[in-house]
Amino acid sequence: MAQKFSQLPLTGVKVVDFGQYIAGPAVAMLLGDLGATVIHIDPPTGPMWDNPANATLMRNKLIVTIDLKTPEGLAQALDLCAEADIVIENFRPGKLTKLGVDFTALRAQHPALITVSLPGFASNDMERRDWRAFESVIAASSGVFTDMGQNRVLMGLSPSFSPLPLASAYASQIAASAAVLALQARQQTGLGDGIEVPLAAAVMEGLCYNSLKVDSMPARYVTQREAEITRRRIEGLPMTLTYDDLQELMDPFYRNYMCKDGRMFYVVCPSHKHHARRCLEVLGIYDELVAEGLTEEDDTYKPHEQWESKTSLGVYPMPKDWADHIAARMKDVFITRTSVEWQRMFGRAGIPAAPQRWLQEWITDEYAATAGLMIDVADPVYGDMIQPGPVVWMEESGEEALTPAPRAWTTVEEALRTLRKLPTTIPDADKNAPRTGWLSGLRVLDLCNVIAGPHSVSYLSRFGAEVIKLDPAQPMYDSWNTVLYGISQGRGKRSILADIKSPHGRKLFEDLIKSVDLIVWNATDSQIKSVGLDAESLRRINPEALFCKLDCFSGVRRGVRTDYIGYDDLVQATTGIMLRFGGAMHRPEEHAHVGTIDVMCGFGGALGMAAALYQKHRFGRIGRGRTSLSANSGLLQIPFCFDYRRRGLFDEPSGPESNGYDALTRFYSTASGVYVLLSADEADLPRFASVEGLSDLPDVPEEDRATYLATAFQDQPATEWMARLRAADIACAICENLEALRAENSRPADGTAGTTLGSYAFSTFADHPSGHTITQLDPYAVRTAATPVIAPTPTEKFGTSTRAILRDLGYGDSAIEKMLASGQISESWSAEYLPS
């Protein structure tokens, strides 16, 4: 079992947080939950965002009020920064510098300092850097609202609004992980760094699976919905499908079913070798479907024309005739039991599925409380609150993170005394030594599958880590899942294939474990123990190895659903995201971006790895970093994921017809037919007086504003409105789409990470190892002042490095040939990189 420590991994780390709204404060919250001492600075008028969510964002923080516009206030702020290890801000580029807090100058005075900036748009984006970049402006500019999924396209609902703060959630996890990676590197070099994570770049990294372009995509990967979109565009037909129409285009193993209690139950098991069959067995209809001709292909990685039949269980998507037939039978069975009964039956059978629940139900869910996914905090303003639990924790000290200190206000003098009491142990710096990646020399073993886990490890490669990706000798997932997803999260890795439960595979597995510094796996506790990677067993193989775990439902403590397996979509169902997006129990919709929570959880996994590395370098402790998709859902819903006695309604924007919060923050159609996003509030009304065509708005009654604005915006094209509104410093954006952003910001791959190219950057690989021309987002969200960020190599074909890795481990050619001949070790899953 894991050793227990009462000391959190970032104990003694000193953070000064200038952040407002969500992104900056969330970074500091994540660090505070891991043990850092955080001083938060508010202006004399108080926080710029007045929301109960601040009670969560400010926990574990001492809050001071400072007026940076006065000499005394500036001196106080600089005194706090002089004591800090990490300083955080999230304003427009240059704003804090104009107030006298210059991060470049601070680092020159204090070379060990780490500064973190989270502007809305990149500081080197000359077009956008000075825009008022609220959450919705970044989302609109980055294609979030226009590319809200195939359902919304087919329903003719584009753009489509979502209140989830995607940009801030992704950016806070990326920035927190980068800050701690810089911190652990400082324990070896004595030198800090400057970090910038633009929110626009962060949300684009979250959408990297959506923005991927594969030329000449084989037809077998085209879903029914994609085919219908193409057909309607070719034939000039309107996108007018209803919700019920769309359900008939869904894969039977990737959709909702109504249960006896009036609840929808979401099944997500289309791509695993065994999950779909287990699903049909639990439902009691497997044998009858087999008797009707349903087959399971032994090798789905063969070209499709070589299959014995046209479909197979365990592949996605299924052809329409079989999809319709299976779905009809599944509907008949699901209605016979309640969603609670099905949840227990599917969970115990190891089948990914979950009932639909509202956010309010999740916040008060007994399992969420037991596991520490929702915790009680006695806030000084709102009283007893339920808040999201820690998003990232260490297995050995996670219990300590379940009782955060409520936010507290103090004086600058007391805050300074608090920081000065904490000793800082940093090695002497050699300022002339060449700077290498924060993770240069680190060797990582990646055992992960699907998105969250593999994405977390690929992220490490841009900082210099050497990554070995170990997969089974025979694939457990279909190529839609492994190869297509792998194009994004296999970058920077070497691939080896082995059956770790076989004699040869087990020997190789243990040799790899002995050779690495860090092991990462997205698996349940029971799976981890079964292969000997629990803490006690791992110590016997490699006592110095760190371990990081990601999974679906776990929290700090165990509960009845801890070992249930699942994916992003199921957490969306469990925590209310799908019901909010769809708007009602009878029409839940997946929040449509591929990996909405998965990618964020991947960055959370990286934070767990960074914390484990730091505490090893700082305290000599070998630890196990943890996060889960369910834990990350709290951060993703932080503006409304809380409860207290006098809380108002859970009334955030929801449903397909939602176009914003109110008349001042919503979509409007313009004379050019292009939608714009206006993002203003009552305090902005005087600004409209100087906007030609909108000057009467300040005098328009609140109930008439939407009509007034909708009529006015039809008078000019979108570009003209953008110019007029920005001249008055009113936040707004054209609703862009991912295809246009990719086309406008792509370049031939040049071996660089894209960090110098502004807020949007893609590379086109004409000679990609897949044999296809691939255009994909650059790994560019983290920009550093002193440390190189590396462009990882394109994803190699699964098994390409099997022989090379075996040789590196000391195996001779004759031994390698014997292992390959046994079938327990493999060099490939298929003749083609992307099976046709």
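I will go through the conventions, then helices and strands, then charges.

This is a predicted model, in which local features need pLDDT of at least 70 and side-chain atom pairs count only at pLDDT 80 or more, while totals for chains, interfaces and linings use all residues. Residues are numbered from 1 along each chain as its sequence is written, and side-chain values use heavy atoms, with hydrogens and water left out.

Let me start with the helices. Helices here are DSSP runs of H or I of at least four residues, strands are E runs of at least two, and both are numbered from the N terminus. Buried means under 20% relative accessible area, exposed means over 50%, and partly exposed is in between, with a 1.4 Å probe and protein chains only.

Helix α1 covers residues 23-33, and eleven of the eleven are buried, so the helix is largely enclosed by the rest of the structure. Among them are Met-29, Leu-30 and Leu-31, and also Asp-33. Just after α1, Gly-35 has a positive phi of about 110°.

Helix α20, residues 452-461, has ten of its ten residues buried, so it too is largely enclosed by the rest of the structure. His-455 and Tyr-459 are among the buried residues there.

Now the strands. Strand β15, residues 443-446, is covered on both faces: Arg-443 and Leu-445 are buried on one side, Val-444 and Asp-446 on the other. β15 runs parallel to strand β16, residues 466-471, and four bridges join them; two strands pair if DSSP finds at least two bridges between them. Val-444 has Val-467 of β16 as its bridge partner.

In strand β5, residues 114-117, we find Thr-115. Thr-115 is buried, at 1% relative accessible area.

On to charges. How many salt bridges does the structure hold? There are 57, where a salt bridge is a side-chain nitrogen of Lys or Arg within 4 Å of a carboxyl oxygen of Asp or Glu.

Glu-296 pairs with Arg-277, with closest N and O atoms 3.0 Å apart. Glu-296 is in the loop between α13 (286-291) and α14 (320-334) and Arg-277 is in helix α12 (residues 275-283), so the bridge ties together parts 19 residues apart in sequence. Glu-296 is partly exposed at 30% relative accessibility.

Glu-297 bridges to Lys-302, at 3.6 Å between the closest N and O atoms. Glu-297 is buried at 9%, whereas Lys-302 is partly exposed at 25%.

Asp-808 and Arg-494 meet in another salt bridge, 3.1 Å from N to O. Asp-808 belongs to helix α33 (residues 802-808) and Arg-494 to strand β17 (residues 493-498), so this pair ties together parts 314 residues apart in sequence. Arg-494 is partly exposed, at 21%.

Salt bridges with shared partners also join Glu-395, Asp-525, Lys-549, Asp-551, Arg-558, Asp-563, Arg-624 and Arg-626 into one network.

Asp-681 is partly exposed, at 41% relative accessibility.
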